[in-house]
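Below is a brief report on a predicted model. It covers a disulfide, a nonpolar core and a loop.

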Amino acid sequence: MNKFLILSVAVLLGASTSACGKRCSNDPVTTVPSPSGKNKAVVFHRLCEGTVPNTQVSVLASYSELSNIPGNALILDGNVPLQARWTSDTSLTISGLGTAQVQKPQPSVTDVPITYDQ
């Protein structure tokens, strides 16, 4: 009985740690610190099992690590050569979107307004 309980808990924990049963990984491409170093923008490629890679952007506090979760600022289909540039300590511009299919453009993240350029 104890072996069954332990196995059941292990299976449930394993299922809960993968998004919708798919294993995903984030591969950072570039990290751009804000002028004061308080924040950073991370451009990365995300690949989930059974899907095509996509390009994403997260705005994070400088001390934070990129977690294995989707971007909080932008998600684009495919590998897109994005450029992130801080226009001030609290404003970010992301360019290079081209004709990529945009899934999740956020106007701001943690009080950082974001401008998008093609």
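## Disulfide

Which residues form a disulfide, and how far apart are their sulfur atoms? Cys 24 pairs with Cys 48, and the sulfur atoms lie 2.0 Å apart. The structure holds one disulfide. Cys 24 sits in strand β1 (residues 24-33) and Cys 48 in strand β2 (residues 39-48), so the bond ties together parts that are 24 residues apart in sequence.

The S-S torsion of Cys 24 and Cys 48 is about 110°, so this disulfide is right-handed. Both Cys 24 and Cys 48 are buried.

## Nonpolar core

In soluble globular proteins, nonpolar side chains tend to be buried together. Here the largest nonpolar core has 18 residues. Val 59, Leu 82, Leu 92 and Ile 94 touch the most other members. Two or more residues come from each of β2, β3 (54-61), β4 (74-77), β5 (83-88), β6 (91-95) and β8 (112-116).

What does Val 59 touch, leaving aside residues up to four places away in sequence? Its contacts include Trp 86, Leu 92, Val 109, Val 112 and Ile 114. Lys 40, Asn 72, Ala 73 and Thr 110 are also among them.

Most residues other than glycine have a negative phi. Thr 110 has a positive phi, near 45°. Asp 111 also has a positive phi, about 65°, and is not a glycine.

Thr 110 is in the loop between β7 (108-109) and β8, and Asp 111 is placed in the loop between β7 and β8. Are they buried or exposed? Thr 110 counts as exposed at 58% relative accessibility. Asp 111 is exposed too, with a relative accessible area of 74%.

Methods:
Residues numbered from 1 in each chain as written. Predicted model: local features only at pLDDT ≥ 70, side-chain atom pairs only at ≥ 80, totals over all residues. Heavy atoms only, no water. Disulfide = S-S within 2.5 Å. Helix = DSSP H or I, 4+ residues; strand = E, 2+ residues; numbered from the N terminus. Buried < 20%, exposed > 50% of the residue type's maximum accessible area, 1.4 Å probe, protein only. Core = buried A, V, L, I, M, F, W, Y, C linked by side-chain atoms within 4.5 Å. Contact = heavy atoms within 4.5 Å.
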